[in-house]
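Please look at the sequence and the structure before reading on.

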Amino acid sequence: MTRSTRPKPANRGTARESPAATRPARAKGDGDAGAASPSPLHDGLEAVATIWCGEIRSRVRRLGEGEAAVGPAEADLIHDLRIHVRRLCALSDLLPRPADRQPMRRMLRREVAWAMQPLSRARDWDVFVTEVLPRLCDAEPDIDRPVSMHRAQARSALAHAEMYASLRSERFDGMVRLLRERSEELHAALAEHEPKALYRAVRRRLGQWDAALRERLDTAGQGARRQHQARIQAKRLRYASEALLQLCPSRGLERYAKALAGLQSAQGSSQDLRTAARLAQDTCVSLATGKLARQRVVDTCRRLRRKADAEARKAGKRLLRQPAFWSEAKKGPVARRLAEGALPRLPAA
């Protein structure tokens, strides 16, 4: 099972203090034409972006020390780095960007996609070696567990070597700089909108993402590509919703985010088995023949995936039964605290 990656509240004392938290408040009419007055929504989103960007840099620095220095923490650091990059990208997609910075959005997406490839390959091997391969061996007695595990670990080492080479490259450093620049430019982008206008724009975009996800889940036939796209949509919607949940605790929003997390997890289990069917063909050896058990492991993965697919469908139906939170959030406590500038009740550390 994937461990929880729910972000820490933006006001926890262990987090680096953000510029939004230390910046003196500006009153309306102080001569800053067109700029919105400070609000929990503006300052809170800046703080979240700053913290998440700091989490990315800290993990990049830690992994940059090398495999020997990282030791057993390697798998968790890779996982956390991928999660925080996706969180910051979801927040970047949600929030406004000055018109003259649109080319940077396309460049950021391209560079993030490139940087995530070696990280994802290393993560796929981590999951396969520690979680899926033992399940395959239990489900198919003909698999030679020691030999197959040795082969899988050797392949995993190659994938991790490629990942470390990528982390040390100038292009990866450039991707991290782009993320930092996007985080820093949020102050100017957010300042162009009053709290009510900003909340309306954010709520409208989240509602569009929710509608697109529901349409995909409600469509008959959940093939591998469709399920993968639904999982990407669910992650983006979840991470953006959790950013606002940090600023405005709400039971309804928390239930909604948990439903998205449940869907993401169930779809992830199915995706892990699809990935395993590919990785196992070159690693799993038959006890009976001493040769690669390619077709046998593919059949075993397909059998295990039937149950995972059924759980993913159930998770999708549970989400569809829930109200579309952002479509109904025009009024109520979330709107009052964020759109009207009321002080949010931040969760205790």
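How many helices and how many strands does the protein have?

## Overall composition

The model is predicted. The protein contains twelve helices and zero strands. Along the sequence, its pattern reads α-α-α-α-α-α-α-α-α-α-α-α.

Of the 349 residues in the protein, 50% are buried. The protein exposes about 17,400 Å², and carbon and sulfur atoms supply 51% of that area. Among contacts with a separation of 6 or more, 80% are between residues 24 or more positions apart.

## Helices α2 and α7

Helix α2 covers residues 40-64 and helix α7 covers residues 170-191. Their axes come within 9 Å and cross at roughly 170°. An angle over 145 degrees counts as roughly antiparallel, and α2 and α7 are therefore roughly antiparallel to each other.

## Helices α4 and α9

The axes of helix α4 (residues 74-94) and helix α9 (residues 224-247) come within 8 Å, crossing at roughly 80°. The two helices, α4 and α9, are therefore roughly perpendicular to each other.

From α4, the residues I83, R86, R87, A90, L91, D93 and L94 take part. They meet K235, R236, R238, Y239, A240, E242 and A243 of α9. The residues of the contact of α4 with α9 comprise seven nonpolar, no polar and seven charged.

Technical notes. Residues numbered from 1 in each chain as written. Predicted model: local features only at pLDDT ≥ 70, side-chain atom pairs only at ≥ 80, totals over all residues. Heavy atoms only, no water. Axes fitted to C-alpha atoms, helices over the stretch in contact; angles between N-to-C directions. Helix = DSSP H or I, 4+ residues; strand = E, 2+ residues; numbered from the N terminus. Parallel < 35°, antiparallel > 145°, perpendicular 65-115°, else oblique. Contact = heavy atoms within 4.5 Å. Nonpolar A, V, L, I, M, F, W, Y, C, P; charged D, E, K, R; others polar. Buried < 20%, exposed > 50% of the residue type's maximum accessible area, 1.4 Å probe, protein only. Areas by Shrake-Rupley, 256 points an atom, 1.4 Å probe, with all protein chains shown as cover.
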